[in-house]
Structure formats: C-alpha cells, structure tokens
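Visitor: I'd like to learn how to read a few features of a protein model. Could you walk me through them?

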Amino acid sequence: MKNMFVYGTLRKGEGNAHYLKEATRLAEQCWTNGELYDTGYGYPAVKQSRSSRVYGELYTVTDLELRQIDQLEGFREGRENNLYERVEQMVYTDKGPVTAYVYIAGQSNLLNNRIPDGDWKEYRLLNKQRGTVLYFAYGSCMDHKRFIEKGVDHYFQNMVGVGVLDNYSLRFTRKSKVDGMGRADIVEESGQVEGKVFEIPVEALKNYLYQREGAPNAYRATFVTIKLNGKDTQAITFTVKNKNEETAPPADYEDEILSGAKGYLSEDYIMKLKAHMDGLKG
C-alpha cells in the first residue's frame with residue numbers, strides 16, 4: 001500500500017473520483033507545499049514550491065490503483081517528458097505529517113493560471129456565476145441573530161436540515177487577536193460534529209462568509225462529507241488555517257453557539273459541547 005495525495009479531479013465528488021472508490025481515505029483535510037495552477041484543460045497541476053500550500057485529500061492505494069492513476073496522469077517511470085511526474089513529499093494532516101506520492105506538472109504548458117488559495121474545488125465553485133451550495137455551520141454561524149444584524153439573513157432562509165460530520169471534533173483552536181480567546185474549529189480526529197445545513201447562493205460566500213471568517217487567512221473554505229437526511233453529502237464549511245492549542249471561548253461567543261444549536265442539534269451533543277467549553281475554562 002502506498003500513500004497518495006490528490007488535489008484535483010481525483011478528489012471526492014470530482015470527475016475521476018471513481019479511481020479511488022475502493023481506496024482508504026486517510027484524511028479529508030490536508031495540504032502539501034506547492035503552487036496550484038488551472039491548466040485550462042479542466043484539471044489542475046502543481047508546481048513544487050515551499051512558499052505556498054495546495055489542499056487536497058490523502059489516500060492509501062494498491063499497486064493496481066497506482067498503475068491506473070499513473071496512466072491517467074500520463075506518467076511512466078523513467079520516461080522523459082511525462083505529462084505529470086510522480087514525486088514523494090510531505091503531506092500535513094490534523095494527525096501529523098506523512099510522506100505521500102504527489103503528481104506535479106511535467107510540462108510547463110500546464111502552468112497557465114495560478115490558483116492563489118491552493119484549492120481546486122473551492123476555485124471551481126467560486127468561478128460559478130450562479131447556483132447554490134450546501135453550507136455546514138457548526139459554530140457561531142448557527143445563531144441567526146448575527147445574520148439579521150448584518151443584513152444578510154436573506155442568504156440563509158433555506159435550512160435543509162441538521163448535518164452530522166463523522167471523524168471530526170469541534171475544538172477552539174483559533175485564538176482571536178481581539179480578546180485572545182478561542183474560536184470554533186473542526187479538527188479531523190475521532191469524534192462527531194453536528195451543525196445546521198443551509199442551501200445558500202454562491203454569492204453569499206463572496207459577499208459575506210469569506211469576510212466574516214477572515215478567509216483565506218484566519219479560516220479557509222473547505223469541503224466536508226456530512227450525513228444529511230441519511231445520505232452522505234458534500235458541503236462547504238470553514239476551518240482554522242493555522243491551528244493552535246485550544247483556548248476557552250468568550251461568554252458571548254459561547255452563548256451564540258448554544259443559542260443557535262438549541263432546538264436543532266441533539267440534546268446529547270449540546271450537553272457534550274457545553275461540558276467541553278466549561279472544561280476549557282479551567
């Protein structure tokens with residue numbers, strides 16, 4: 001078995017994801033160093049660089065799966081002028097770094113349009129002029145009051161249900177520069193996170209949520225697989241870009257989370273969440 005980092009059409013929900021349908025996914029949230037480019041052919045390419053990040057997913061693959069993906073990527077060992085080259089480099093996950101295969105551009109004509117935030121799925125979504133996306137709110141964004149105060153509640157009228165995010169925990173890894181206290185995050189580890197799921201127009205991301213979350217610097221937009229009405233569904237959410245040790249949240253922020261959760265999320269989850277926040281107060 002080999003580790004493989006994928007960042008484009010092999011990711012979940014993308015056109016070539018079927019190549020990995022039998023593979024074991026080790027991480028849904030991870031990154032490696034590099035620069036991401038839109039090739040102009042409907043798929044991205046990476047240029048090696050230590051100054052920026054490329055986001056994707058991490059899998060273990062069999063020799064057969066590796067050979068099939070080599071063929072897809074136009075790579076053959078020892079051949080000159082491959083479309084992509086397969087290299088090994090460090091991939092960073094919430095559980096720690098691992099070494100994995102990464103396909104990088106083998107030909108310079110693939111490096112056409114730089115994608116500065118380093119996420120192919122986010123880039124494609126934001127390039128849509130119209131349409132909607134499912135948004136998973138797990139922290140203070142569950143409290144509708146703030147939407148009303150900011151005059152953006154019209155974006156969040158269609159709540160389609162409660163989503164359950166397996167193999168994640170809600171943590172407070174963002175230390176606010178305003179008060180030095182914690183803000184909510186999801187960390188990929190053993191656990192479960194509940195949240196409200198809204199169907200929102202793509203413009204709500206551009207016109208409000210990115211500014212609110214300080215994306216892409218404080219938080220970054222990312223994709224998670226939630227259970228919604230009994231089915232696995234992809235949704236966009238925001239996670240802390242550079243995680244710190246947990247810090248207790250301020251009282252008003254805690255109240256927003258609990259107020260937004262009440263009457264929607266399960267009582268058991270709310271009790272555990274409150275106990276966790278109380279435990280951070282020392």
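Guide: Let's start with the largest pocket, which has a volume of about 450 Å³. A pocket here is an open set of points on a 1 Å grid over the protein atoms alone, where a 1.4 Å probe fits, with protein on both sides within 12 Å along at least five of seven lines; lining residues have an atom within 4 Å of a point. Grid points are joined across faces, edges and corners, and the volume is the space filled by probe spheres set on them. A word on the source: this is a predicted model, where local features need pLDDT of at least 70 and side-chain atom pairs count only at pLDDT 80 or more, while totals for chains, interfaces and linings use all residues. Residues are numbered from 1 along each chain as its sequence is written, and side-chain values use heavy atoms, with hydrogens and water left out.

Visitor: Which residues lie nearest the centre of the largest pocket?

Guide: Ser 140, Arg 183, Glu 213, Tyr 219 and Tyr 253, out of 25 lining residues. By class the lining has 12 nonpolar, five polar and eight charged residues (Ala, Val, Leu, Ile, Met, Phe, Trp, Tyr, Cys and Pro count as nonpolar, Asp, Glu, Lys and Arg as charged, the others, Gly among them, as polar). Strand S9 (132-137) gives the most, with three residues.

Visitor: Where does the charged end of Arg 183 sit?

Guide: Over the ring of Tyr 253, 5.1 Å from its centre. The rule is that NZ of Lys or CZ of Arg is within 6 Å of the ring centre and within 35 degrees of the ring normal. Arg 86 does likewise over Tyr 101, at 4.5 Å.

Visitor: How many aromatic pairs does the structure hold?

Guide: A pair of rings is described by the distance of the centres and the angle of the planes. There are 16 aromatic pairs here (rings of Phe, Tyr and Trp, its six-membered ring, with centres within 6.5 Å; planes under 30 degrees apart are stacked, over 60 edge-to-face, the rest tilted). One of them, Phe 156 with Tyr 208, is edge-to-face, at 6.2 Å centre to centre and 75° between the planes. Phe 156 lies in the loop between helix H3 (144-149) and strand S10 (159-166) and Tyr 208 in helix H4 (residues 202-213), so the pair ties together parts 52 residues apart in sequence. Helices (H or I, at least four residues) and strands (E, at least two) are DSSP runs, numbered from the N terminus.

Visitor: Is Phe 156 buried or exposed?

Guide: Buried means under 20% relative accessible area, exposed over 50%, partly exposed in between (1.4 Å probe, protein chains only). Phe 156 is buried at 2%, and Tyr 208 is buried at 8%.

Visitor: What about strands: which ones pair with S2?

Guide: Strands pair if DSSP finds at least two bridges between them. S2 (residues 24-33) runs antiparallel to S5 (residues 53-61), with seven bridges, and Trp 31 stands opposite Tyr 55. S2 also pairs with S6 (residues 84-93) in the antiparallel sense over three bridges. Seven of the 10 residues of S2 are buried.

Visitor: And what should I look for in the backbone?

Guide: Most residues other than glycine have a negative phi, and most peptide bonds are trans. Here a cis peptide bond joins Ala 215 and Pro 216, with omega about 10°. Asn 81 has a positive phi of about 65° and is exposed at 58% relative accessibility. Asn 167 also has a positive phi of about 65°, and is exposed at 52%.
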